[in-house]
Amino acid sequence: MFGISNIASSKIDMETVMPFREKLAWLSLGAMVVAYGAYFAVAAQLARSGAATPMTYLALLGAVLGAQALVVIVASIALAIQSGRDSRAPADERDRAIARRGAAFAYFVLLVGMVLVGCVLPFSARGWAIINAGLLALVLAEVVRYGAIVWSYRRGWHG
Amino acid sequence: MAEPAITNQIRLLRFMAGEMTQAELGARIGLTRQTIAAIEAGKYSPTLEAAFRIAQVFGKPLDAVFQWNG
């Protein structure tokens, strides 16, 4: 008589291999945190110095967007090559359920952020402070989305 | 961590089906290998349709594959 534990060492099928979509979520999350962490750190310094012009912010934002896009594209290609067949498999019901969960969490973050930026901030701030606050709301929503996705893949999801 | 409310015998049934791999099972029912692994580990509860498809692959009734411990 054998039990489940005896079977564990039979054909394991690389159970611990991370799903391709989880790898992409980790990549996107990391790139976003690093890129926009740097952007907001520099933007805060510029705001304190009082020497920033709109072109300074635009150039900084353009550089960050470009660098983030480049890193994500190159790393996604590398991940797809490394993952082989997994990267070509269409999303299944679990992938779709996890993606929906991430979007649902992010929606509320974005909603609160946009209400603050659109309805509260104009009374106390102007110009790039409002633009940066809006950008921060978008970034936080995306971080929550990718965070919920990697959390759901790691810890399980019974939705 | 609490025991999952739904347990299953998929790993045992795979073994008894000639050591069917997770990838083979997944390919037959339209799920990825990782999703089969997550179901076996109790980290994902499949949809009712996927549960019936899994049971069909092994030629078993649904309650021989999945058990509700709620």
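View 1. Helices here are DSSP runs of H or I with at least four residues, numbered from the N terminus. This helix 3 covers residues 54-83 of chain A, 30 residues, and spans 42 Å from its first C-alpha to its last. That is close to the 44 Å expected at 1.5 Å a residue, where the expected span is 1.5 Å times one less than the number of residues. The model is predicted, so local features need pLDDT of at least 70 and side-chain atom pairs pLDDT 80 or more, while totals for chains, interfaces and linings use all residues. Residues are numbered from 1 along each chain as its sequence is written, with chains lettered from A and ligands numbered from 1 in the order in which they are written.

**View 2. Here is the largest nonpolar core, twelve residues of chain B.** Such a core joins buried Ala, Val, Leu, Ile, Met, Phe, Trp, Tyr and Cys residues through C-beta atoms within 7 Å (buried: 20 or more other C-beta atoms within 10 Å of the residue's own, with C-beta atoms placed from the backbone). Helix 1 (10-16), helix 3 (33-40) and helix 4 (48-58) of chain B each give two or more residues, and helix 3 of chain B supplies the largest share, four.

**View 3. Chain B meets chain A through 20 of its residues, in contact with 15 of chain A.** Contact means C-beta atoms, placed from the backbone, within 7 Å. Helix 3 of chain B again leads, giving five residues to this side. B:Leu31, a member of the core, touches A:Asp92 and A:Glu93, among others.

Definitions and conventions. Two residues are in contact if their C-beta atoms, placed from the backbone, lie within 7 Å. Lists of a residue's contacts leave out its neighbours within four places in sequence.
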